[in-house]
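Here is a walk through a fold, starting with its charged contacts and moving on to its strands. Keep the viewer open as you read.

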Amino acid sequence: QVQLVESGGGLVQPGGSLRLSCVASGFNLDENAIAWFRQAPGKEREGVSCITSSPSTTFYGASVKGRFTISRDNAKNTVYLQMNSLKPEDTAVYFCATDLTGWGTCPIQQDDRTYWGKGTHIIVSS
């Protein structure tokens, strides 16, 4: 059974940091790319970051470049998103996704067969 499970969300003050985890099961993480997306209240889903299979190459949306870092630990079947210098506009539900094509490339393919986690909530507020 293919699963993606996010964790690490919560309430944080502006300027603070948080690390999200995406634990994968049921497929070979080391052969697939993983992407992070977010959706804020009243807004469309936005691509945040993506990491390819090894050797890893990383990509970031313009709004988070320089503040967020994506990484993977294949031994733990986990992809991380380190979020620093958080801003109120980062408030959203964050979720990870993969296309399971086995290509290992970014961006991931988004279609009706894309696999998504259920998301974890981030609130950045004083």
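Which residue forms a salt bridge with Arg-38, the closest N and O atoms being 2.9 Å apart, on the Asp side? That partner is Asp-90. Before going further, a word on what you're looking at: this is a predicted model, where local features need pLDDT of at least 70 and side-chain atom pairs count only at pLDDT 80 or more, while totals for chains, interfaces and linings use all residues. Residues are numbered from 1 along each chain as its sequence is written, and side-chain values use heavy atoms, with hydrogens and water left out.

Back to that pair. A salt bridge here means a side-chain nitrogen of Lys or Arg within 4 Å of a carboxyl oxygen of Asp or Glu. Arg-38 sits in strand E4 (residues 34-39), and Asp-90 is in the loop between strand E8 (78-83) and strand E9 (92-98), so the contact ties together parts that are 52 residues apart in sequence. Strands, by the way, are DSSP runs (E, at least two residues), numbered from the N terminus. Both Arg-38 and Asp-90 are buried; buried means under 20% relative accessible area, exposed means over 50%, and partly exposed is in between (1.4 Å probe, protein chains only).

Asp-90 has another partner: Arg-67 forms a salt bridge with Asp-90, and their closest N and O atoms are 2.8 Å apart. Arg-67 comes from the loop between strand E6 (58-60) and E7, so this pair links parts that are 23 residues apart in sequence. Here too, both residues, Arg-67 and Asp-90, are buried.

Now look at the other side of Arg-38. Glu-46 forms a salt bridge with Arg-38, the closest N and O atoms again being 2.9 Å apart. Arg-38 is buried, at a relative accessible area of 6%, whereas Glu-46 is partly exposed, at 31%. The count comes to three salt bridges. Shared partners join Arg-38, Glu-46, Arg-67 and Asp-90 into one network.

On to the strands. Four of them form an open sheet in the order E1-E3-E8-E7, with antiparallel pairing; two strands pair if DSSP finds at least two bridges between them. The edges are E1 (3-7) and E7 (68-73), each pairing on one side only. Neighbouring strands of this sheet are turned by 15 degrees against each other on average, direction ignored, with axes being lines fitted to C-alpha atoms and angles running from 0 to 180 degrees between N-to-C directions. E1 and strand E3 (residues 18-25) pair over five bridges, and Gln-3 stands opposite Ser-25 in E3.

Methods:
Helix = DSSP H or I, 4+ residues; strand = E, 2+ residues; numbered from the N terminus.
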